[in-house]
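Please open the structure in your viewer and keep the sequence panel at hand, so that residues can be selected by chain and number. The tour goes from one pair of side chains to the next.

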Amino acid sequence: MQRFNRRQFLQIAGLSGSSLLLGGCGSDLFAGVVGQVTEPLNQRLEELLLNPQKPVPELPVSQIEPDKLIVNSFDFTPMIDPVKYRLTIDGEVNHPMQLSLNELYKLPLTSVVMRHVCVEGWAAIVQWGGVRLRDLIQLAQPKDTVCYVYFQSADGYYESWDLRSCLHPQTLMAYQKNGEQLPIDNGAPLRLAAPIKLGYKHSKWVTRIMLTSNLLPSRGYWEDRGYEWFAGL
Amino acid sequence: MTTDSPRLKPVLLPKQALLAKTFHWVNVVSLFIMLGSGLQIYNANPVFGGRQGLHLPPIFIGGWLAGGRDWHFGAMWLFSLNLLWYGLYILISRRWHHRFVGENDLKALQVGKNPKRKAYAWHRIVYTAIVPVLLLAILSGIGMYKPAQFYWIVDFFGDWQALRIVHFMTVPTVILFAIVHSLLALKVGGSRLLESMFW
């Protein structure tokens, strides 16, 4: 079951990789070279800057900017039945699990008022509320070799993160936005949210969290098209 | 005449220190990349007006947002480390004291009668004034690149939009500087001075 799913995962990746050829027409070949040379250095610096224990100072609730959060998605808005919804946590874990929304709601709720920064250049101060990803990972008990976490979304979007960023106390699987139930456009019933990564790392409509020891050939929808993988803030 | 005396020496051609020329070249090239890729990033979401805002013609470095970011975050090292070693060099060599604007320039502008000396004073004021602008570009850039780690930089500028505006405004400032700086150099020392800085 586990292996089959990963194969599926790679198939999706293969399909999406083909658009690299098509999408590459408008891009600059040299930029890829420059990125390959300098991005490892930048990533090393980002990893050094990130302290997975240290929360980013929160912003006051009065500064929340509800109108500034632009809805971005790469394809369509999936409709998910909240009753049938299950979050799968699997991969290299001792306790793979499936959680219903009610089970998720019973876990400790954490709220973070943070600056959501988009790769495009805009930013919005948002409050997200939800379960710490750290708590979910602990429940699943990852094997010692796990270093990466994959996120699969109902719309076909996929992302991968370094484990350290996932263990940050403000990295949430959120089901609330600005004190209210998370709207469908913003990723209901469950989305990623954290002050330490660029917006495209924050998968919406997350249905599956898979822990792995290695980074797979597909690293994320936008990353496979040229965006930085670590994308730390 | 077999002996040279200082009084009889011909007018010396302007000559620049090799390190100054190296700095100048790397600065020109890296700033060009920073501006070109920065405007590419700008076009993803214009600073003024967002997506409905004023887009610039797509003639920039990188081809699209991710390419622009690759160039910008690659060339930032070239640009900022170049500025860093040059800063150390002018401090250690004390060039800072005699090659940048000083009281004598201000005096020349206030009470001096020599128009050439005044033009030279303006030249020195302008190329000294660009130094804090370049440092501001780096500071505001770090704030936008890593706003969670350097949240105090965002706070220092007020908010995100203020930070974006400051960072963006360094672009027209640098372009304007490049024009004025070249014209003043021509006025002060002609094409010989200009060439001495490059070759």
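Predicted model: local features only at pLDDT ≥ 70, side-chain atom pairs only at ≥ 80, totals over all residues.

Over all chains, the structure holds nine salt bridges.

Begin by selecting A:E46 and B:K146, which form a salt bridge whose closest N and O atoms are 2.8 Å apart. Because A:E46 sits in helix α2 (residues 29-49) of chain A, while B:K146 belongs to the loop between α5 (115-145) and α6 (151-157) of chain B, this pair joins two chains. A:E46 counts as buried, at 4% relative accessibility, and B:K146 counts as buried at 4% relative accessibility too.

Next, select A:R208 together with A:D90, where the two side chains meet in a salt bridge at 3.1 Å, N to O. A:R208 lies in strand β10 (residues 206-212) of chain A and A:D90 in strand β1 (residues 86-91) of chain A, so their contact ties together parts that are 118 residues apart in sequence. The relative accessible area of A:R208 is 7%, which makes A:R208 buried, and A:D90 is buried with a value of 7%.

Then move to A:K197 and A:D162, whose side chains meet in a salt bridge of 2.8 Å, N to O. Here distant parts of the chain are linked, 35 residues apart: A:K197 is in the loop between β9 (191-193) and β10 of chain A, and A:D162 is in strand β6 (residues 158-162) of chain A. A:K197 is buried, with a relative accessible area of 1%, and A:D162 counts as buried at 8% relative accessibility.

Finally, select A:E159, A:K201 and A:E223, which are joined into one network by salt bridges that share partners.

Definitions and conventions: Residues numbered from 1 in each chain as written. Chains lettered and ligands numbered in written order. Heavy atoms only, no water. Salt bridge = Lys/Arg side-chain N within 4 Å of Asp/Glu carboxyl O. Helix = DSSP H or I, 4+ residues; strand = E, 2+ residues; numbered from the N terminus. Buried < 20%, exposed > 50% of the residue type's maximum accessible area, 1.4 Å probe, protein only.
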